[in-house]
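Keep the sequence and the model side by side while reading. The paragraphs below move from one part of the chain to another.

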Amino acid sequence: MRNRVITVVVMVALTAAACTSHVPGTPDAEVVSPVLTPAADALPAPGQCTDSGVEVIACTEPHDAEVTEVGTLDLTAAEPTERDLRRAALPACRTALTRHLGSTDHDATRLQVRAFWPSAEGLARGDRWRLCAVTELAPDGTPKKRTSPTKDLLKAAGFATVQLCAEGSPAKEERPRFTACDGPHLAEAVPGVLELGKPTDPSPSRDFVDEKARQHCVTAVKGYVGADRGDVFASWRTYGSQGWSEGFTTAICYAEATRPFTGTLWGIGTKPLPG
């Protein structure tokens, strides 16, 4: 999946000890800076949908983004860098994404935050708007056109329709190969994304993250599977220090099996692995 971010990866058997490896990555977000800067009062409103930019299109028509919030960039630098802009826009856009979808579990799904801000020309003349949106990626990481809104999708029973599943091991691969959950896969992200802190807090140590994630993910995966098993493991992935300052402050738990399977591990209990 494009831009799926991660720096810390751990795999823990539900009944065993952990092993740890370090994986580099960059934050999972799409930033769009338009060449032509629209005026702030010409931006789409929250709940409206867009396609390939900021032009409004009906949400029942194929579209690639749905606006979650329109706000203002809090910038102190006279000539902000892209890093300054990301830090100013992305934490607020991630908060808006959680509010829009109805759950913090979006990091365990193919729903991705998208942020727009003014072009360099617009910033130079004093424009400071930010536009936050949500976009869905297909299992192969390419943008997917939707024909229905995402508002409160994760508050209802929509998690399984956008759940992340991986062909390989999220605990071992630097960039896991994500795939459709109804086909063969080795791991699936589970509900219960762990919030580790705030982006204004210092980035935590790997040991701190591992300990918090171990406690949380082993419990989350056991609840998801419905039993202790020797052939299913709890693994987790987190974002790095750069991602932390941009609002990516969570650990994502995975139920990972010892062999590929077809079907779902949700509620499987002590039954044999499917497929």
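The largest pocket has a volume of about 240 Å³. In the search on a 1 Å grid over the protein atoms alone, a pocket is an open set of points with protein on both sides within 12 Å along at least five of seven lines, whereas a cavity is a set where a 1.4 Å probe fits but cannot get out; lining residues have an atom within 4 Å of a point. Grid points are joined across faces, edges and corners, and the volume is the space filled by probe spheres set on the points. This is a predicted model, in which local features need pLDDT of at least 70 and side-chain atom pairs count only at pLDDT 80 or more, while totals for chains, interfaces and linings use all residues. Residues are numbered from 1 along each chain as its sequence is written, and side-chain values use heavy atoms, with hydrogens and water left out.

Which residues lie nearest the centre of the largest pocket? They are Thr95, Thr98, Glu195, Gly247 and Thr249, out of a lining of 16 residues. Helix α1 gives the largest share of this lining, four residues, and α1 and strand β13 (194–195) each supply at least two. Helices (H or I, at least four residues) and strands (E, at least two) are DSSP runs, numbered from the N terminus. By type, the lining divides into four nonpolar, eight polar and four charged residues. Here Ala, Val, Leu, Ile, Met, Phe, Trp, Tyr, Cys and Pro count as nonpolar, Asp, Glu, Lys and Arg as charged, and the others, Gly among them, as polar.

Glu195 and Thr250 are 55 residues apart in sequence, yet their C-alpha atoms are 4.6 Å apart in space. Another such pair is Ala108 and Pro191, which are 83 residues apart along the chain and have C-alpha atoms separated by 6.9 Å. Ala108 is found in the loop between α1 and β7 and counts as buried, at 0% relative accessibility.

The loop between α1 (82–101) and β7 (111–116) also holds Arg110. How far apart are the N and O atoms in the salt bridge of Arg110 and Glu136? The distance is 2.9 Å; a salt bridge is a side-chain nitrogen of Lys or Arg within 4 Å of a carboxyl oxygen of Asp or Glu. Glu136 lies in strand β8 (residues 129–137), so the pair ties together parts that are 26 residues apart in sequence. Arg110 is buried, with a relative accessible area of 8%, and Glu136 is buried too, at 2%.

Glu136 also meets Arg146 in a salt bridge, at 2.5 Å from N to O. Arg146 is in the loop between β9 and β10, 10 residues from Glu136, and is buried, with a relative accessible area of 14%. With Lys144 included, Arg110, Glu136 and Arg146 are linked in a network of salt bridges.

The whole structure has 17 salt bridges. Another of them joins Lys145 and Asp51, whose closest N and O atoms are 2.4 Å apart. Lys145 sits in the loop between β9 (143–144) and β10 (165–166), and Asp51 in the loop between β4 (49–50) and β5 (56–57), 94 residues away. Both ends are partly exposed, Lys145 at 43% and Asp51 at 26%.

Asp152 is found in the loop between β9 and β10 as well. It has a positive phi of about 60 degrees although it is not a glycine, and it is partly exposed, with a relative accessible area of 26%.

Helix α3 (residues 206–225) comes last. Its 20 residues reach 27 Å from the first C-alpha to the last, close to the expected 28 Å, where the expected span is 1.5 Å times one less than the number of residues. A kink of about 25 degrees is centred on Arg214; the bend at a residue is the angle between axes fitted to the seven residues ending there and the seven starting there. The buried residues of α3 include Val209, Ala213, Cys217 and Val221. Just after α3, Gly226 takes a positive phi of about 100 degrees.

Technical notes
Buried < 20%, exposed > 50% of the residue type's maximum accessible area, 1.4 Å probe, protein only.
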